[in-house]
Amino acid sequence: MTEIAKSGKTGQSTGPHVHIETRINGTSKAPLTQLHFRWSQRVCAANTTCSVPQCVVRQDRAMVPFPLRSDRPTAFVYVDGFNLFRRALQGHHDRNWLDLELLCERLLPTFDAGQIRYFTARVRHVEGRDPRSPQHQEAYLRALGTLPSVSVHFGTFRADKRWMAVSPLELDDDGAPKRVRVRKIEEKGTDVSLAAHMVADAMSGSADAYLLLSNDSDFVDALRLVRERTRHEIGLIVPTENAPARTLLEVRPDHLRHVRPATIRDSQFPDRLVDELGGFARPRSWRNAGAPLGERGS
């Protein structure tokens, strides 16, 4: 075993500890944003709350660095953020503070998720919707920024007013379909970006398996290309307990997983997080009533 640091105690301190620093291109970076940290069921040797960054104890759980294991195949995961939200999170605020690394660990215990690409668009306030949505999303994107394996890729959010035919169809006096003014909310560019990244990563041989977290049949061709052109394994993670889209199943994914509500609830970030800018918290409306205010980092 290689010695990488020594623990000691000098001056006024509460006990033995280790100071660590990370530098990227000569610039100091917060270790919590650079090292591969995970919550572990291990308890600190002192069995007390410790202020050292690599051993932050919350009740019976300690946060310790876990390197990727070379004896397991690697997987790249591509998360369709809007599909995940609409299928599994919308209307359930206590699920929104989702730790994607922890979710992938639970869904893919035999893989190392070396890269998780999250595709979304920055939302704007839309009349009739929660005006806090943009701020809540920014807090969540900041939380994702603390995960070393997660990268965020942005499309464009659109909320356009259009005239559309009513349903069920009604005709006016001239025999033309009656139309009403509606607001159509959609994101543009994220699907194309996700498909392009998946195929490009597979062509470069970056991982052993490539898994899509979505139930959108628009990704059929991307999965098929990865299978046929690279011969790598492909997988589908369905964001609900329901059956996946038929056309996605016809691609015959090597791995099939379902995201269940219990798995989402068990894969939440702690309520408080720390990054290089300081501490921040889960939006108050996203918390469970009476939930403890745990903290990662201090």
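How many residues has the largest nonpolar core, and which of them have the most contacts inside it? This is a predicted model, in which local features need pLDDT of at least 70 and side-chain atom pairs count only at pLDDT 80 or more, while totals for chains, interfaces and linings use all residues. Residues are numbered from 1 along each chain as its sequence is written, and side-chain values use heavy atoms, with hydrogens and water left out.

**Nonpolar cores**

The largest nonpolar core has 34 residues, and W97, L100, Y140 and L144 are those with the most contacts inside it. A nonpolar core is here a set of buried Ala, Val, Leu, Ile, Met, Phe, Trp, Tyr and Cys residues joined through side-chain atoms within 4.5 Å; buried means under 20% relative accessible area, exposed over 50%, and partly exposed in between, with a 1.4 Å probe and protein chains only. At least two residues of this core come from each of strand 6 (74–80), helix 2 (81–89), helix 3 (100–107), strand 7 (112–120), helix 4 (133–144) and strand 11 (209–213), and helix 4 gives the most, with five residues. Helices (H or I, at least four residues) and strands (E, at least two) are DSSP runs, numbered from the N terminus.

When residues up to four places away in sequence are not counted, Y140 touches N96, W97, L98, L100, Y118, F269 and W286, a contact being heavy atoms within 4.5 Å. A second, separate core has 20 residues, among them L194, Y210, L212 and L223.

T240 has its place in the loop between strand 12 (233–238) and helix 7 (246–249), and T240 counts as buried because its relative accessibility is 11%. Leaving aside residues up to four places away in sequence, T240 touches R87, H258 and V259.

Strand 14 (residues 272–275) and strand 15 (residues 278–281) pair in the antiparallel sense over four bridges, where pairing requires that DSSP finds at least two bridges between two strands. A hairpin through two residues joins strand 14 to strand 15, and R272 has A281 in strand 15 as its bridge partner.

**Salt bridges**

A search of the whole structure finds 10 salt bridges, each defined as a side-chain nitrogen of Lys or Arg within 4 Å of a carboxyl oxygen of Asp or Glu. The table lists some of them.

| Salt bridge | Closest N and O atoms |
|---|---|
| R117 and D201 | 2.9 Å |
| E138 and R122 | 2.7 Å |
| R142 and D275 | 2.7 Å |

E138 is partly exposed, with a relative accessible area of 35%, and R122 counts as partly exposed at 43% relative accessibility.

Because R142 lies in helix 4 and D275 in strand 14, their pair ties together parts that are 133 residues apart in sequence. R142 counts as partly exposed at 28% relative accessibility, whereas D275 is buried, with a relative accessible area of 11%.
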